[in-house]
There are 2 protein chains.
Amino acid sequence: MIDLTVKDALNAEGPLENVRIRGWVRTRRDSKGFSFLEINDGSCLKNLQAILDADAPGYASIEDANTGAAVAVIGDLVESPGKGQAWELKGRELSIVGTAPEDYPLQKKRHSDEYLRTIAHLRPRTNKYSAMARIRSEAAFAVHRFFHNRGFHYVHTPIITGSDCEGAGEMFRVTTLPPGYTADKDSDYHTEDFFGRAANLTVSGQLEAEPYALALSKVYTFGPTFRAENSNTPRHAAEFWMIEPEMAFYDLSMNMDLAEEFTKDLLTSVLDASADDIELFARFVDKELMSTLENIVSQPFERVPYREAVEILKQSKQTFDYPVEFGTDLQTEHERYLTETHFRRPVIVHDYPRSIKPFYMRVNDDAGDPETVAAMDLLVPRIGELIGGSQREERLDVLEARMDECSLDKAPYWWYLELRKFGSAPHAGFGLGFERLLMLVTGITNIRDVIAFPRTPRHLDF
Amino acid sequence: MIDLTVKDALNAEGPLENVRIRGWVRTRRDSKGFSFLEINDGSCLKNLQAILDADAPGYASIEDANTGAAVAVIGDLVESPGKGQAWELKGRELSIVGTAPEDYPLQKKRHSDEYLRTIAHLRPRTNKYSAMARIRSEAAFAVHRFFHNRGFHYVHTPIITGSDCEGAGEMFRVTTLPPGYTADKDSDYHTEDFFGRAANLTVSGQLEAEPYALALSKVYTFGPTFRAENSNTPRHAAEFWMIEPEMAFYDLSMNMDLAEEFTKDLLTSVLDASADDIELFARFVDKELMSTLENIVSQPFERVPYREAVEILKQSKQTFDYPVEFGTDLQTEHERYLTETHFRRPVIVHDYPRSIKPFYMRVNDDAGDPETVAAMDLLVPRIGELIGGSQREERLDVLEARMDECSLDKAPYWWYLELRKFGSAPHAGFGLGFERLLMLVTGITNIRDVIAFPRTPRHLDF
């Protein structure tokens, strides 16, 4: 007897005798003298149909093989006379591995996403969320393969950090002091704590990736990042995963090339590896999903300087909630207008005003535009900003002046500054929010539904 | 002109005209009328030698092309007359990208690991730590490839958690309340906090991986985990990465098979992908590295029940610091005796006393030994425990009794218990500490030296 996954059974090259399939019953239909079981084991979207004869050993417990039960069926894999499947299992023997009582929450009817969030431990047993989980896994693998194939090295930048990459942080504190602990002086709260200083959860691995880029040339991080923003929106989670490549000897233009190539490669890879799963979302979640994705992979991305983007928005005759002028940050409404309405394709807006961007972005003074920095945002239809990045300021004096301008204490950044003192080199990088990519790929509009166990304000279940 | 990495240049299939190499100068040697630059860009361990003629443009600044400087050299890749390299760069033009003043800390002399930890932002520019970084990256890729090839799905289990997997935690607290915040009642410390309840950094993704195994059959996690243990040892870090596969329909024996296959595959993959880098460690860090690794990949692992292991230890005539009896946990001294002295190969000790193992491990009552649980630890030479795992308790009543035995409040585990109520199935999994694997592969004995920016008590630099 050999054990087969449902996926391997459905892809069998010929009939197979004496196989065992183990999984969970999606539905059962009883007929006179036999029963049909739709069995799913999560190896793929499709179920395998098993037909059990009333004479089969174990058939006496067929009543227990109801929706949600774990079962094992031994039999022969034979050609299926039915439509939509090449193979079915002619069952000889049934074992009930684990029953599912009648209060099993995932009965056949359709459940709302809101309800399924309350049973996040069971929702991967639905078609939609198992497809989501497989797509997430394939996308993550595609990320690693993309960079590995191109000579990038994966760096695990620290999660607990003493620095605040964005310079203005809604960060989670990390401590071992008990709640309500009181110290004699304020400074003691840090000296008495585990690290002897203030500790936070990282908002980005960029600052710590830079030293590795300036040693190994091409690196990337892929890890969890955190925002303690107390906002309950479909786009925000307190914990999410980010991919951040960082490359020595790259300027902004090369950075844009890589961002475009990366985005297209990820979509193409997932469309290829997860075709069945993506199709489910295209059928039931977003009817325009396939055309949205094909639009992205099939043509060059538009590139437009921020100054020009502002002009386009001002001349658009659209009514925006937020007015646009040089020096204002683009809101989602502006981003979506540019990519969905004006250009109708992905757009990279570049060279943003220095006043709205962090200290580490390179000032465009040698390009004659010192009021802007070499920043870039990739905007895609339906999502808005998918990627944000920049060329980094590699000149020590300019970087220090920028830190003063941003009123940053330079002392904790001594090591970051030293990178500009010893063998400094132009370098650039970007960050891609992994959940936003998954929302793009699936058409799912709530970030809570692309994360296994989402963390949001007042939600820490499971 | 084409840009080449040092690695691509060294592996060129023939001479190449008009190439540019960018990287950092490791050493410079001046001769009459020309200079030799050893250039490294981190793409591989080896340097590329560039020869610059005193007539070359940029040669006037050759004094700035000193150790640590970032340079760009344009020239032709030609066959090298020298030993130890196939190709060298006949430079036509030199640019100094970033100078390295005389106080650059990485001058040619050898530096201690302790010192290099204080300049963790520069140490990846040394041979040893760039090799380490590349090995870490290749090992991580090998992890993903191993599981991807075998139909496992990668799950991102949450980092911030309300549960404590080990049932006894030295955990970091996560909060948005300011230090010294005082509430009216103790309970308010949680209700007023971001999540409305106590929040910690995860010590393991296992509990949250189980629901996914019981839906997708084969899953794994690979992410950061945390221990707030206030111990300064070469083996402990507050933040480290762990790999945790979890498989439905696996028993302990299949779990052991997978652990052995996984360990061997990782070592083989890294020995193959990082041969040059591993060789550096075999030459300079641990002379017995290659024989240790070959011993592991070349023969079956030993498997021995805990009861038998205890007998072996008692009859060993060794003097241990800690005496051994049934019911005592094995210490590193015992583990290393078993694997290094007695069996002289990797050993999986299995079926440990229930009294020393967590509540979720399956009780061996149906095997007639209810005093033990289906636990396993893989012990390897030099490291001791590399992997710990178990078959999980899938029977609701037994699990509940075990939780009572461990005095655990069952309420927060409602969802974990429900996995045993709805379609429960035998399942198993294990955890492999990624840093321990890297210590095994490199011979490095201090965990701080296999992590880019290590976090330990009172150390949160960078």
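In strand S9(B), Arg173(B) is the bridge partner of Thr175(A). This pair belongs to a set of three bridges that join strand S9 (residues 173-175) of chain A to strand S9 (residues 173-175) of chain B, the two running antiparallel. Strands (E, at least two residues) and helices (H or I, at least four) are taken as DSSP runs and numbered from the N terminus, and two strands are said to pair if DSSP finds at least two bridges between them. The model is predicted, with local features requiring pLDDT of at least 70 and side-chain atom pairs pLDDT 80 or more, whereas totals for chains, interfaces and linings use all residues. Residues are numbered from 1 along each chain as its sequence is written, chains are lettered from A and ligands numbered from 1 in the order in which they are written, and side-chain values use heavy atoms, with hydrogens and water left out.

The contact between the chains (heavy atoms within 4.5 Å) takes 108 residues from chain A and 109 residues from chain B. About 9100 Å² is buried between chain B and chain A, 65% of it from carbon and sulfur atoms; buried area denotes the accessible area (1.4 Å probe) that two parts lose on being put together, summed over both. On the side of chain B, the most area is lost to chain A by His156(B), Phe194(B) and Leu460(B), which together account for 8% of what that side buries.

Four salt bridges are found across the interface of chain B and chain A, a salt bridge being a side-chain nitrogen of Lys or Arg within 4 Å of a carboxyl oxygen of Asp or Glu. A salt bridge also describes the meeting of the side chains of Arg197(A) and Asp461(B), at 3.9 Å from N to O. Helix H3(B) gives the most to the side of chain B that touches chain A, contributing 11 residues. By class, that side of chain B has 59 nonpolar, 31 polar and 19 charged residues; Ala, Val, Leu, Ile, Met, Phe, Trp, Tyr, Cys and Pro count as nonpolar, Asp, Glu, Lys and Arg as charged, and the others, Gly among them, as polar.

Within chain B, eight strands form an open sheet of mixed pairing in the order S7-S11-S12-S17-S16-S15-S14-S13. Its edge strands are S7 (153-154) and S13 (302-305) of chain B, each pairing on one side only. S7(B) runs parallel to strand S11 (residues 218-226) of chain B, to which two bridges join it, and Tyr154(B) stands opposite Tyr220(B) in S11(B). Helix H3 (residues 127-149) of chain B packs on this sheet, touching S7, S11 and strand S12 (239-248) of chain B, and its direction makes about 150 degrees with that of S11(B). For such angles, axes are lines fitted to C-alpha atoms, for helices over the stretch in contact, and values run from 0 to 180 degrees between N-to-C directions.

In chain A, an open sheet of eight strands with mixed pairing has the order S7-S11-S12-S17-S16-S15-S14-S13. Strands S7 (153-154) and S13 (302-305) of chain A stand at the edges with a single partner strand each, so one side of each is left without a neighbour in the sheet. Five bridges join strand S12 (residues 239-248) of chain A to the antiparallel strand S17 (residues 427-433) of chain A, where His427(A) is the bridge partner of Ala248(A).

Over all chains, the salt-bridge count comes to 64. Arg382(A) forms a salt bridge with Asp286(A), the closest N and O atoms being 3.3 Å apart.
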